[in-house]
Amino acid sequence: PGPRSAVLGPVPGSFAVLGDAALANLIAAGDERAFEALFARYQRDIFRYASAILRHPQDAEEVLQLTMIAAYKALSSGAQPRELRPWLFRIAHNESMDLIRARPKAEELGDRDDPVAGSLHETVDARERLRQLRADLGALSPGQRSALVLRELSGLTHAEIATALGTTEADARHQRADLLFHRVID
């Protein structure tokens with residue numbers, strides 16, 4: 001997508017060992033291989049985050065693409081985020097929220113992906129717990145769902161969550177604490 005670097009950098013396999021700051025510098029210098037390494041490093045995490053927020057794989061794929069395009073443009077023009085990982089999640093969060101706002105109405109969580117259990121009683125119990133979990137997740141605000149997903153699925157710290165959501169660390173910690181203490185699921 002961007003200009004091919006005239007500067008010969010490290011061999012492609014060595015990009016995997018470079019840190020985020022080094023990749024960002026190489027991207028700013030026009031090295032597409034560095035961006036490919038960055039994309040490979042974060043595509044699964046960004047997709048998983050967007051999937052959990054949007055609940056649709058096609059929407060998550062769109063958010064992944066929009067996130068990476070925005071990151072490429074910014075890094076290519078010299079942007080130097082303090083921490084790349086939460087910065088990427090911030091872009092993904094904003095793209096996800098834009099997509100949610102563009103939806104005509106809220107969508108219900110379906111009954112797909114039901115677990116398969118051994119006995120009828122176990123199956124009924126598991127389906128009820130899953131139904132309740134889906135209802136609870138569906139009732140969360142996008143911000144609360146984002147904080148939960150960033151912490152539990154992506155492993156971000158409260159400081160990184162704050163950066164990704166554009167809030168303070170105390171607010172990120174508070175949103176997540178509200179989730180944990182308001183609803184206890186057996």
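Biologist: Which residues of helix 1 and helix 2 meet?

Modeller: In this predicted model, Asp20, Leu23, Leu26 and Ile27 in helix 1 meet Ala34, Phe35, Ala37, Leu38, Arg41 and Tyr42 in helix 2; contact means heavy atoms within 4.5 Å. By class, that contact has eight nonpolar, no polar and two charged residues (Ala, Val, Leu, Ile, Met, Phe, Trp, Tyr, Cys and Pro count as nonpolar, Asp, Glu, Lys and Arg as charged, the others, including Gly, as polar).

Biologist: How are the residues numbered, and which ones count?

Modeller: Numbering starts from 1 along each chain as its sequence is written, and side-chain values use heavy atoms, without hydrogens and water. As the model is predicted, local features need pLDDT of at least 70 and side-chain atom pairs pLDDT 80 or more, while totals for chains, interfaces and linings use all residues.

Biologist: Why are helix 1 and helix 2 called oblique?

Modeller: The axes of helix 1 (residues 20-28) and helix 2 (residues 32-54) cross at roughly 140° and come within 8 Å. Angles under 35 degrees count as roughly parallel, over 145 as roughly antiparallel, 65 to 115 as roughly perpendicular and the rest as oblique, so helix 1 and helix 2 are oblique to each other. Their crossing is left-handed (the near helix is turned anticlockwise from the far one by less than a right angle).

Biologist: And what makes helix 1 roughly perpendicular to helix 3?

Modeller: Helix 1 and helix 3 (residues 57-76) pack at about 75°, their axes 7 Å apart. That angle makes helix 1 roughly perpendicular to helix 3. Here Ala24, Ile27 and Ala28 in helix 1 meet Tyr72, Leu75 and Ser76 in helix 3, a contact with five nonpolar, one polar and no charged residues.

Biologist: Now to the rings. Why is the aromatic pair of Phe35 and Phe39 called tilted?

Modeller: The structure holds three aromatic pairs. Phe35 and Phe39 lie 6.5 Å centre to centre, with 50° between the planes. Rings of Phe, Tyr and Trp (its six-membered ring) pair if their centres lie within 6.5 Å, with planes under 30 degrees apart stacked, over 60 edge-to-face and the rest tilted, so this pair is tilted.

Biologist: What makes the pair of Tyr49 and Phe89 edge-to-face?

Modeller: Their planes are at 85° and their centres 5.7 Å apart, so the pair is edge-to-face. It links Tyr49 in helix 2 with Phe89 in helix 4 (residues 84-102), 40 residues apart.

Biologist: How do you know whether Tyr49 is buried or exposed?

Modeller: Buried means under 20% relative accessible area, exposed over 50%, partly exposed in between (1.4 Å probe, protein chains only). Tyr49 has 0%, so Tyr49 is buried. Phe89, at 0%, also counts as buried, and so does Phe35, at 12%.

Note on methods. Axes fitted to C-alpha atoms, helices over the stretch in contact; angles between N-to-C directions. Helix = DSSP H or I, 4+ residues; strand = E, 2+ residues; numbered from the N terminus.
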